[in-house]
Every structure is written in structure tokens, then in C-alpha cells.
Amino acid sequence: MTAFRTHLEFLHRTDDCQRLERPDSPSPQVVAAEAMRANGPALEFTPAGGGVGLASGVYGGVDQLERRNRYPWTRLGIGLGVDRDPAYVDVLEELIELGGRVDDRDVTYVPRAASATDRGLRDLELPTPPDEAWPRFTLGLCSIGSDDGSYWGPIHGTVLDGDTVRARVPEALSGQLRRGDAVTIALGVPAAALATTHLLAVTDRLSTPIEARGVGSTVPVVPTAGGVVPGSSEVVLETTVAARQPETRSEKREFWERLVDATTLTLDVRHVFTREDPVVPFTPLGTPLSDDLGLTALAIAARLYERVNGYWGVSPVEWVLLPAEGRLGICLVATEVLYPGFEWQLANLLFSLSRCFDTVVVVDAEASPRALGRVLGDLWVKAHPSRDWLFSEPNAPAARMPTYSRDDTGARLYVDATWDPRWKPEFVAPRVSVTDSFPPEIRDAVLESWTDLGFEDEPDVA
Amino acid sequence: MTAETFREFLALLEDAGQLNRIADRVSWDLEASAITALANQTDERIPAFERVDAGIDGTWLVGDPYRGPCRRPWAHLARAFELPSALPGPAYYEAVVERLREPCEPTVVDPATAPCKEVVRTGADASLLEFPWPYVHQGDGGRYATLNTLVAPDADSEWGRWSRHRAMIHDATGASLLFLAGEQVPNLYYYEYERRDEPMPVALVLGAGPAVECAAEMWIPVGKSEAAFAGGLQESPVDLVACETNDLYVPASAEVVIEGRVRPGERLDEGPYGDYFGYVNGPRRSMPALEVDAITHRRAPRLPFCVEGTGVGYGHNSTSTLEVAAGGPDATLGLRAAGYEVAMAAPWPFSSRTAWTIATDRPYPGYLHELANFVFTTWGMLHIDFLIFVDADVNPLDPRAVFEAIALQADPATDFHQFGVERMPKVPLNIYQTPDEKGSADVGTSKAKTAKAHVDALSDGDRPTQTIGSRASRERARNLLVEAGITPAFARDDSPAVDR
């Protein structure tokens, strides 16, 4: 388990996080959004006054539409402790394990790293988005205690005054609450904890106590007035459900709410705990490549990867990817085509497992999830425009992410960009690439002499 | 200064720190292309091989000289045309469109002053084997001249027709030319010269300079001259010189000019070859045969070549760069000239030709269909299978914005439109058709047909947020990031639509 501040330190050490002083203007959300738009590093804003430090882009913030040496899953994978340069599927599998049910509870309790403070909620100086009136917190974890254990879910919201927040939480959790019940909000939690809340939320598995999930034995916790929260949390807010729950207008949403019903809760803050020099993650909502979008994309992909590979008794699927660039409206899957028609089954299984997207692109197993550009090339050159673009009748449940106008039903499309398994091998065209187009002895010699030839950048032939 | 010749272009690259002169001895047999492929993949400097292990002393091979940087493939050509290399993509397009609106007729120079006549060999003295043509990919059918401009006769133009057709070298005096029926010059050959049983005079020009290369990439309408558009691009006339053995005129500054005839009824093997689709197409097929009559060249010529296929995915090569930097502005101008109010037309960045994105409004119902029909039945009929229509304020050169539009705005029920099933012509080089569907080796033409499709990814006014904050606050945010040292990653100039 990696504490949030350890995760942040590691991003600094790998030159993937840039420190800058928190500006008075513009809002940190604007700076964060522009950094993501530029595919920049994660950012850490050091506090100018007495407020908390802020960090953005620590879970995502990277697109794959240019060649790069970090990927949309790199920062989360590092946070999960998978590897410094984590393989995509390893991140998915780690996530699945964290969300998996365990037979024997093995929970580690630790002292609370955050201590009680006289600070009021306002003193935290959480950032206010440019078009909003109140400071906003995002990427939070909420915990509700019960006799069976603690229930975790994602939470975000606004700070209305020194004692009150208005938050959005999954309905599966808020449905358990009554006036006066305790809810604890933790900010700056380990990546393992936050990512798992997204996984459990988008897969409708919030009704099992966290102690009975893999994450429960991975992340050391501390009891609070609500449920347990990660012991290393940077900021902990102990709250109770307010007596008055005013009707509110539509709030801004985190991305998981596109898939999960959520409600607004007004919470009275009873106690504020912070670590020394606390840093909390945040993300600009609704913008491309935001962290909440990245977390949701990985959570859905992990679940789909697990389900489709568990379906046939063999594991034909190499990877499933929901590119954040497409805001989860399209799903890419790399697979071995076991037999003619398999790709049809696979695409439709994916549609049946998620209402997120309306389009599935099936590519060959050799395609690398790191080479999205190449995959998006195959989309157009390997699929016959009439035979390999297959549309359903418009009587499927409407997909949730696309924004085109539609009623409750919609059509589905899958693109078969794989070689037809009926073709003889000699009809399958070899790829053009450094690795495929040159004999090993020439390739090795070129790689060996690369810098002697006067080139500067280390070649990457992965 | 505008780079009017290939050598001036190389010097300009070198001045900009974008040329890597390699003095080590390098083989034409896969080694030069392997180095070039790796340079393309890693966005490294353009390799210029000064010592090649065969051919005329002093000959250089230059690997993918027109390849631009990954994020800004047009940057080197912009520099060549004396435009700011930092121009954002849309601004570069508009600048080139303006140049193309002002064609400039070429001038004819005395052969005695033409650099391409420094060495003149005719008849039996002219040998293709004096040049180190690269063997580009393992599995290719032979050695190729890839980055060339073919000059052919044109009844409607004094200056001939320029286009790009690869040539597979067979021996000292023979090569096969990739002539795909449906393209202008091959049509002229198959349906006029060959039917009359006449040889067609041609000149294969290598190293003719950036404007010539760009003009050859464009789809210039009948009755207009590529030479004049090249002059417009470089804002000065292109110097032409008469060939030695036929009536054609060629760019005087070219590094090498191969004069010859395409012999009616004769074919030579061609291919397979690792092509712009990113795969090795096959099967080997018969293509028209070029017989060499003369070769003129500079002393110590610089031979440009392209490692085809490496312009797929993230990497660029000369072909994909020319498609983005010349084909795109040309198509934009062409569509506007045809009466379509398109903001921009540009190739999909991860495959060099098959899919194009067109940013446009929808002024009336049926407009997109009409526009797609125009493209598929004119300049895009062979190579383009898909058109993606996006909002006029989306930058087609911004892959993130285009991908988002496809993912969110294209309704499978109503927004995908096919133009018949198996009715449209298609280059036989594609890989999605079976060998049977591609046709046999029949006369170099293709029996291949396919469907064409267009995707309506216009938002109808409902695009997700791309940015937050006012323009001024975003600008302040960028300045803060630059001050924090985030310049390299931050220096995107193909900003999404809101900042166009």
C-alpha cells in the first residue's frame, strides 16, 4: 500500500510531477485543466497561505494520441505499487484484486496519521472553480460504519461554510443513511483505496463492507466517527447527515456518476483532522483527461477484462481499453479470434456487460495497448467498410456516454479490425515496423550504433 | 529564405538542427532504411547518409527528408516556404491555401545552367545501377525509387502532369512503375497511349525540391499545372529545363532525372512492398515497364527515399507529412472551390490516407452526403475510404478532438453512411480485401472495389466541455505553466477548437 504522499513523492522522483506555487489567480482548476490539455506532468501546488497543498493529474491526465513514455495508467499503476513502468494489464489485474471479495477478513489498524486541528473547513482553502461560488473538493473517499463493517464510496462536493458541505455520493450508500448518521470523508487517500471506490461504484458492488474486499487487507485503516478510513489520509472530515436536506439544483458531476445513480447530501462537519503539511488531490470536473475520468475508465476496463476472460473458460482477450480521450464512448478490445464469428460474440458480450459505450473496436491480439495510434490506424485500414463495420438495429438500450440525441434505445456498432481466421497465413500481410521489417542482425546493429550515428534520443522499439 | 531546391532544403534542415549527417559507411541493403525507420519512429533528426557502399562516389541517401516533427508535421515545410515554423496547423493551412490561390508560371532555363545536367548520359551509357537505390523492407519485391516526381505529358498543360509513382528497379535500363488505374497519369497511359500502342514519354525526377514534391502530392484539376502551383507555393517560378530525349520539361535543380518511355503492352513484376497502409501488400503483380533513354544528374547526387509504412500510428514519414502538409491544404482549397464551405480537410493522423476529417457546418440537410459524394467521386476515390465530418470549430489536426467526436457524436443508427456495397474503386494495395477481391495481376489495374463511408460526427451544438475558465485565465494558466518549466510538453500549437 502506498500512502498518497508517498505516491506523490514518487511522481516527483520520476519527473512526472511539477511543483509550483499556488496562484491567487487563476483558479488551480484552470491551471490543472490546461496542464492536462497540454499533456503536461502532474502538478503539485504548494500553499501560499495556511491552506492545504493541492495535487492534480496524479491518477490520469495523459492521453495516448501522441507517442510518449507514460500512459493513462502509469500514474495509477505507480500508486498501486505495480511497477515504475507498469504494464496495462497488470494495473487492471491489481485493481480487480483490490475489489475482489475475500473470505477471511484481515484488516490492519494503524494510528491516525492526521491529527485533530482547530482549523475550520474554510481554513483548508480548497480551490474554487472559475464558474462556481464555493470551494470544491474532489477525489474523496466517504466511509459509513455499520455493525458489518465500513462501506466506502467515492465522494465530491462543495464547502458551503465553515461547518457544512454539500456532497455527491452514490445512492447505494446514501440510501443507508438517516439524519444524524456519521459519514467520514477522507481526502488524500492511497491510490489503492480511491481506485477501488471507483471500481466498486461503477460495478454496483458498494453493498459489501470494505473489510470483505481485497482493499480491506491492503490498506491499513483507522476507525473514525463514520467508518474506517485509510490511516494515512491527508485530511479527514467527520460529518453527520444534516437535519435539513434542501432541494438542490443539478450539481457538477464526477465521471463515475455518468454510470451510477448519485444523490446530494448536506453534511455537518464535526471534526477536521489533517496531517502536517497536508496535500490533497483534486481534478477539474468535466474537462478532458481529468483524474476522475481516468479512474472510471480503468475501473470499467478492469471489470470488462475480468468478465470477458472468465466467460469462455479460456482467456482470449489480451486487453480492454476505454480511452479517456473518447470519454468512455468507445471500447477497444484486443483478442485472439478463436473461430469465425468469435469477434461478434465478444463485441456483443461487451455491450451486454456495459451500457457505457455504443461502439466496440476489435483488434488483433498482437496490438499493443501502448500503441493506441497504431490501433487507431488499424481502425480504418484493416476493417472493410461494408463487411467489417457491423451495426445493430436501433433497439438496444441507449448507451450512456454518447451525447447525440436519442430516445431510450439506440443502435450498437462493432468494427472488426482483425484478420479473418479463415484466411491462410500467407494472405495475412506482415506489418511494417522497425521490428517486423528488418532482420534481427541489422536491427541489433542499428540499435547498438544508434548514438555513434549521431542520434540523441534513446530509441524505443517496444 | 525559401528553399527552392532539395539542397537548399537540406541546408535549411541542418541550420535548424534537424539534419543528422552520417559519415559512417552505410549499406543501401536494408541498413539505411532501418536507420531511417527508427529515426521516423523516434522523431529523431533526418538521416543523411554521406557514404553509401555502392553507386557513384559522393552520392548521398537521405531518409525521409520531408518528415516533419510528430506534433507539427508541417513545420519543416513551413520553414521551406518561409512561413513561421511555429504556425498552428489551421494557420499553416490558411497560409498555404493563400499561396495556392496565386499560381506562378514556371520559367524555362538553358540546359547549360541547369544543375540536373551536370552529368548527362544517354543510350547505353545511362544505367540505373549507378545509383544506390535502397532495399527498403525485408520482403519487398526489389529495390525502389520511392520519393520521386513522375513527369508525364498533358494535353491540357504545356508543363506536363506531375505525380508520384514508385518505381521498382529491375536492371540497368528497366523499372516497373506503380500505375493504378483511376489516377490521372495511369489513366492517360492505359486509356490513351496503350490503346494507341504508343509509348508514353516520362521523366522520373528525384530531389526536385519541396514545392515540387508538394505539388506532386496534390490533386491538381485537369487544365491546371502542378508547376504553376509549385511556383505559387514558393512564391517564385520553378525553373524547368527540357529533357534530352523527349519533349518534357523537368525541374532544373533536380538531383537526378531519369528519362524514358513506358512501353505499351509490356509489363514487369512489381511488389510486394511495405506500403502506406502500414503493411506489406501483395501479391506481386505486373505493372507497366519503364525503359530508360537517358539519365541526367548532379555530381554527387542526393537521393531522397521514403520508408513507406512508417507513417502509420504515431510516426511520420515523407508520405504522411506531404499528405498532411500539402494534400490537406490542397483538399481544403479544392472543396472550397467546389462550393463547399469547409473550415479544413485533413488526413486522420494515424493512417496517412484512408480516412480524412473534414470540419464543416451543415448548411442544409443532405449537405454531408453531397460533400462526401464529391470527394469519393473525384480526388479521393481510390485512396480514401472514410470521411469523418466534425464541427467547423474542431481542428481536424487535433486527434483528441476528432476521436472524441467520433466516440460521442456519431450515432450508429443514423450517422454512418455507406456509398453502396462493393461498388467503388479501390487501390489494390489495401489489406482488408482478400487476394481474390483485389484482382489478379491483370494489366496493373485493379479489379478491387469497395464501399466508401462517411461518419457524421457533428455535434448538433452539444459538445462536451473542452476547457474551463475564461480565455484570459487560461492564458494566465499557460504562462504559469511555462514559468514552471513545463514548456516542452505544453507547447502544443494544435489547440482544440475553442482556441482556434
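Predicted model: local features only at pLDDT ≥ 70, side-chain atom pairs only at ≥ 80, totals over all residues.
Helices (H or I, at least four residues) and strands (E, at least two) are DSSP runs here, numbered from the N terminus.

Residues are numbered from 1 along each chain as its sequence is written, chains are lettered from A and ligands numbered from 1 in the order in which they are written, and side-chain values use heavy atoms, with hydrogens and water left out.

Most residues other than glycine have a negative phi, and most peptide bonds are trans. A:Leu139 has a positive phi, near 55°. A:Leu139 counts as buried because its relative accessibility is 1% (buried means under 20% relative accessible area, exposed over 50%, partly exposed in between, with a 1.4 Å probe and protein chains only). Over in chain B, B:Leu30 also isn't a glycine and has a positive phi of about 75°. You'll find B:Leu30 in the loop between strand E1 (19-26) and helix H2 (31-42) of chain B, and it is buried at 7% relative accessible area.

Then there are the cis peptide bonds. One runs from A:Ser25 to A:Pro26, with omega near 0°; A:Pro26 belongs to the loop between strand E1 (17-21) and helix H2 (28-37) of chain A. Another links B:Gly271 to B:Pro272, with omega near -5°, and B:Pro272 lies in the loop joining strand E14 (256-270) to strand E15 (273-274) of chain B.

Axes are lines fitted to C-alpha atoms, for helices over the stretch in contact, and angles run from 0 to 180 degrees between N-to-C directions.

| Helix pair | Axis distance | Crossing angle |
|---|---|---|
| H4 (88-99) and H6 (191-202), chain A | 9 Å | about 80° |
| H6 (210-217) and H8 (318-337), chain B | within 9 Å | roughly 85° |

H4(A) is therefore roughly perpendicular to H6(A), a label for angles of 65 to 115 degrees (under 35 is roughly parallel, over 145 roughly antiparallel, the rest oblique). Contact, meaning heavy atoms within 4.5 Å, involves A:Leu95, A:Ile96, A:Leu98 and A:Gly99 on H4(A), and A:Ala192, A:Ala195, A:Thr196, A:Leu199 and A:Leu200 on H6(A). Those residues split into seven nonpolar, two polar and no charged. For the bookkeeping, Ala, Val, Leu, Ile, Met, Phe, Trp, Tyr, Cys and Pro count as nonpolar, Asp, Glu, Lys and Arg as charged, and the others, Gly among them, as polar.

In chain B, H6(B) and H8(B) are likewise roughly perpendicular to each other. B:Glu213, B:Cys214 and B:Glu217 of H6(B) meet B:Thr319, B:Leu322, B:Glu323, B:Ala326 and B:Gly327 of H8(B). That contact has three nonpolar, two polar and three charged residues.

**Where the chains meet**

The contact takes 89 residues from chain B and 88 from chain A. About 7,800 Å² is buried between them, with carbon and sulfur atoms giving 66%; buried area is the accessible area (1.4 Å probe) that two parts lose on being put together, summed over both. How many salt bridges cross the interface of chain B and chain A? The rule finds five, taking a salt bridge as a side-chain nitrogen of Lys or Arg within 4 Å of a carboxyl oxygen of Asp or Glu. The side chains of B:Arg400 and A:Asp63 form a salt bridge at 2.9 Å, N to O.
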